[in-house]
Protein chains: 2
Amino acid sequence: MADTPRRRIPEATVARLPLYYRALLETAERQVATISSERLAELAGVNAAKVRKDLSYLGSYGTRGVGYDVEYLLHEISRELGLTRDWPVMIVGVGNLGRALANYRGFGARGFQVMAVVDADPQLVGRSVADLAVESIDDLDTIVAERQIAIAILATPAAAAQEMADRLVAAGVRSILNFAPTVLTVPEGVSLRKVDLAIELQILSFYQLRRGLPAGALS
Amino acid sequence: MADTPRRRIPEATVARLPLYYRALLETAERQVATISSERLAELAGVNAAKVRKDLSYLGSYGTRGVGYDVEYLLHEISRELGLTRDWPVMIVGVGNLGRALANYRGFGARGFQVMAVVDADPQLVGRSVADLAVESIDDLDTIVAERQIAIAILATPAAAAQEMADRLVAAGVRSILNFAPTVLTVPEGVSLRKVDLAIELQILSFYQLRRGLPAGALS
DNA sequence: CACACTTTGAGAATCCGGTCACAAGGTCAG
DNA sequence: CTGACCTTGTGACCGGATTCTCAAAGTGTG
């Protein structure tokens with residue numbers, strides 16, 4: 001499996017691959033065989049030069065004068081993103097958000113299946129969420145090991161998040177998607193991404209405040 | 001007060017201000033009067049040089065040899081972010097996610113109050129969600145105008161999202177936080193930010209697949 | 001007051017990503 | 001087979017963001 005010592009793919013490009021992937025899925029469904037960078041750019045909401053540059057990091061998969069073969073490109077991107085295999089996912093924290101996420105079919109991407117839902121509250125253990133029984137956080141190690149869970153979604157209150165993250169890492173989880181509104185630290189070698197409602201709203205607020213105001217008219 | 005011909009604040013800095021804000025809130029609660037860039041950096045999960053550079057865009061609010069006055073800095077940042085006023089928020093789409101968001105108290109930042117919850121499905125109109133009655137999307141214009149809603153959270157299925165976004169913009173909403181897994185286009189002058197579960201998971205998957213090589217996906 | 005120590009603020013250097021522009025490589029009509 | 005026409009792939013350039021570094025400005029002690 002010694003895979004190509006392929007050029008390092010820039011982070012910004014990695015973040016866009018899923019957009020291309022989605023656009024290509026839709027295109028494939030419409031039985032379109034090839035697609036130009038122009039069109040792909042439009043679907044993904046970026047510009048054509050960026051699409052070409054991004055795709056060139058994966059290799060030369062296009063044909064000049066024609067465009068990209070939709071099926072082939074789809075395959076290459078999904079391989080690159082690791083979407084050709086299954087990723088069992090665990091959700092930690094069964095509050096409002098945790099439950100919604102567990103039920104969220106809109107993961108869109110198949111391959112990310114929620115295989116476990118855990119919570120620290122003994123009162124919640126045993127309840128059913130999205131066809132799964134809530135399990136105890138104390139069984140983390142076993143659950144992670146047995147179900148080969150590499151990716152966890154953290155949806156606990158902020159106060160509990162760091163401790164949960166630590167326990168996840170200790171149990172062998174190497175990728176965490178954090179929804180708790182707090183800064184987490186994880187060791188080198190663990191990927192951490194965050195989704196933070198409050199921050200997004202505050203950023204919107206910043207620009208909203210300045211909209212329409214004459215430039216420099218802030219008090 | 002001789003008002004600052006204030007430097008334009010870089011986008012990257014704007015995105016970090018909420019982090020500092022949160023860190024400062026916690027610090028203020030602990031009755032700590034001043035804070036160094038070093039300490040603030042630690043709390044916000046960034047490095048000290050960045051903190052200082054970021055804060056310098058707001059003006060020179062620190063004291064050399066001492067640090068920053070917590071209360072004062074807090075005040076300046078919240079003013080900058082528009083957190084000194086209230087932002088009525090509307091949630092569009094009452095699926096799993098919409099409901100969870102409506103109930104989500106963890107907005108953390110006060111000032112963002114959900115003032116309306118709307119859906120296109122007549123079956124849902126009238127039901128109660130988070131102490132609000134679900135209203136019809138057809139009353140959008142009135143709701144937005146009367147409740148002065150500037151920020152909307154889109155939590156519809158992907159297929160409906162663009163149309164809803166268009167209607168929101170038409171009704172006067174200038175800031176949209178999109179949770180629907182699709183690319184939206186909005187006119188110039190409207191802020192759009194997105195939160196996309198599937199994309200986040202796919203990015204994690206990418207790095208998980210390569211564990212060992214890159215430094216990974218920092219937030 | 002002098003001196004050691006702390007910490008900010010900002011210029012300079014560097015890194016990274018985005019955009020431009022165009023040669024290279026391909027299609028297709030006649 | 002030729003010439004008009006597309007579209008990719010990429011090197012060159014540009015600009016924003018991050019990091020480095022250190023002078024400047026403050027504190028505190030004796």
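**Sheet, copies, helix and DNA**

Guide: Thr63(A) stands opposite Gly67(A) in E3(A). This is a predicted model, where local features need pLDDT of at least 70, side-chain atom pairs count only at pLDDT 80 or more, and totals for chains, interfaces and linings use all residues. Residues are numbered from 1 along each chain as its sequence is written, and chains are lettered from A and ligands numbered from 1 in the order in which they are written.

Visitor: What is the strand order of the open sheet in chain A?

Guide: Strands here are DSSP runs of E, at least two residues, and helices are runs of H or I, at least four, numbered from the N terminus. Strands pair if DSSP finds at least two bridges between them. E2(A) and E3(A) run antiparallel, joined by 2 bridges. The open sheet has 3 strands, paired antiparallel, in the order E1-E3-E2.

Visitor: Which strands stand at the edges of that sheet?

Guide: Each edge strand has a single partner strand, so one side of each is left without a neighbour in the sheet. They are E1 (34–35) and E2 (62–63) of chain A.

Visitor: Which element gives the most to the side of chain A that touches chain B?

Guide: Contact means C-beta atoms, placed from the backbone, within 7 Å. The contact takes 53 residues from chain A and 53 from chain B. With 13 residues, the top contributor on the chain A side is H8(A).

Visitor: How many residues of H8(B) are buried?

Guide: Buried means 20 or more other C-beta atoms within 10 Å of a residue's own, with C-beta atoms placed from the backbone. Leu197(B), Ile199(B) and Phe206(B) are among the buried residues of H8(B). The helix is largely enclosed by the rest of the structure, because the buried count among its 13 residues is 10.

Visitor: Which element supplies the largest share of the surface near DNA strand D?

Guide: Near means a C-beta atom, placed from the backbone, within 6 Å of the strand. 27 residues surround DNA strand D, and the closest include Gly62(A), Arg64(A) and Pro10(B). The largest share, 5 residues, comes from H3(A).

Methods:
Buried ≥ 20, exposed ≤ 12 C-beta atoms within 10 Å, placed from the backbone. Contact = placed C-beta atoms within 7 Å.
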